[in-house]
Amino acid sequence: MTFPGGTSISRLTVYTGACADGLEGGTPHVHTASTEAYVVVGGHGALQTLDAGGLKETELSAGSTVWFTPGTIHRAINRGGLEVVVVMSNAGLPEAGDAVMTFPPEIVADPERYREAATLPADNVEEAVARRRELAVEGFLRLVDGGPEALQRFYASAVALVRPRAARWREIWESTVAQETRRTEEILDALASGDGSHLLRSALMESPPQERWGMCGHLRAHDVANPIVH
């Protein structure tokens, strides 16, 4: 039942509207456990990343495929109709809070203030998304200026924020990625012995898109954990 590789997939229309630094795009954030991939299907722009190696900017256009590991702070820059298919490792973990936005350090260091800044209200969502993005861009620019020490402090605060969720994340991982890996091992063992009985248990699954307000833009996400089985 697991989506291939225990991954998840969504389609992203990167936000427009200039931030305080004049750039249009998404909300800078980091994933603490999952790798993310961008497959660009339309428009053009760039991906700003910040890690222990410093600030980088990678140009994006239709056909670009880039991916980045946990700890890579990233910000999608929209320079005209940027459309991306996003593939995430560890399906379920990003939805369970794997991402930490780059709010200013005094907010990221305070779990209550962070939750208040990160949570979107039931109404006036578009305004709240814009405020959240501005706050994260402010913190991102401070990280860029602050150098390695500022980045290390941010990482420490991010780990403290997600640490209470780690046990639940392991349960999710065991039921998706780890289970899929074990299933493949069983299939390989069966094939090696000439057993193809698993082929009789084949199935077609589908996950209709669900509209969401994402960190980087408007998302058309797919619930790969609860597919329709045809």
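Guide: A pocket is an open set of grid points with protein on both sides within 12 Å along at least five of seven lines. This model is predicted. Its largest pocket holds about 960 Å³ of space.

Visitor: Which residues lie nearest the centre of the largest pocket?

Guide: Pro94, Glu95, Gly97, Ala99 and Met215 do. They belong to a lining of 37 residues.

Visitor: What makes a residue part of that lining?

Guide: A lining residue has an atom within 4 Å of a point of the pocket. By class, the lining has 22 nonpolar, nine polar and six charged residues.

Visitor: Why does Asn90 count as buried?

Guide: Buried means under 20% relative accessible area. Asn90 has 13%, so it counts as buried. Asn90 sits in the loop between β8 (83-88) and β9 (99-101). Its phi is near 55°, a positive value in a residue other than glycine.

Visitor: Is Asn124 buried or exposed, and how do you know?

Guide: Exposed means over 50%. Asn124 reaches 52%, so it counts as exposed. Asn124 lies in the loop between α2 (111-118) and α3 (125-162). The phi of Asn124 is near 50°, also a positive value.

Visitor: What share of the 230 residues counts as buried?

Guide: The share is 42%.

Conventions: Residues are numbered from 1 along each chain as its sequence is written. This is a predicted model: local features need pLDDT of at least 70, side-chain atom pairs count only at pLDDT 80 or more; totals for chains, interfaces and linings use all residues. Side-chain values use heavy atoms; hydrogens and water are left out. On a 1 Å grid over the protein atoms alone, a cavity is a set of points where a 1.4 Å probe fits but cannot get out, and a pocket is an open set with protein on both sides within 12 Å along at least five of seven lines; lining residues have an atom within 4 Å of a point. Grid points are joined across faces, edges and corners, and a volume is the space filled by probe spheres set on the points. Ala, Val, Leu, Ile, Met, Phe, Trp, Tyr, Cys and Pro count as nonpolar, Asp, Glu, Lys and Arg as charged, and the others, Gly among them, as polar. Buried means under 20% relative accessible area, exposed over 50%, partly exposed in between (1.4 Å probe, protein chains only). Helices (H or I, at least four residues) and strands (E, at least two) are DSSP runs, numbered from the N terminus.
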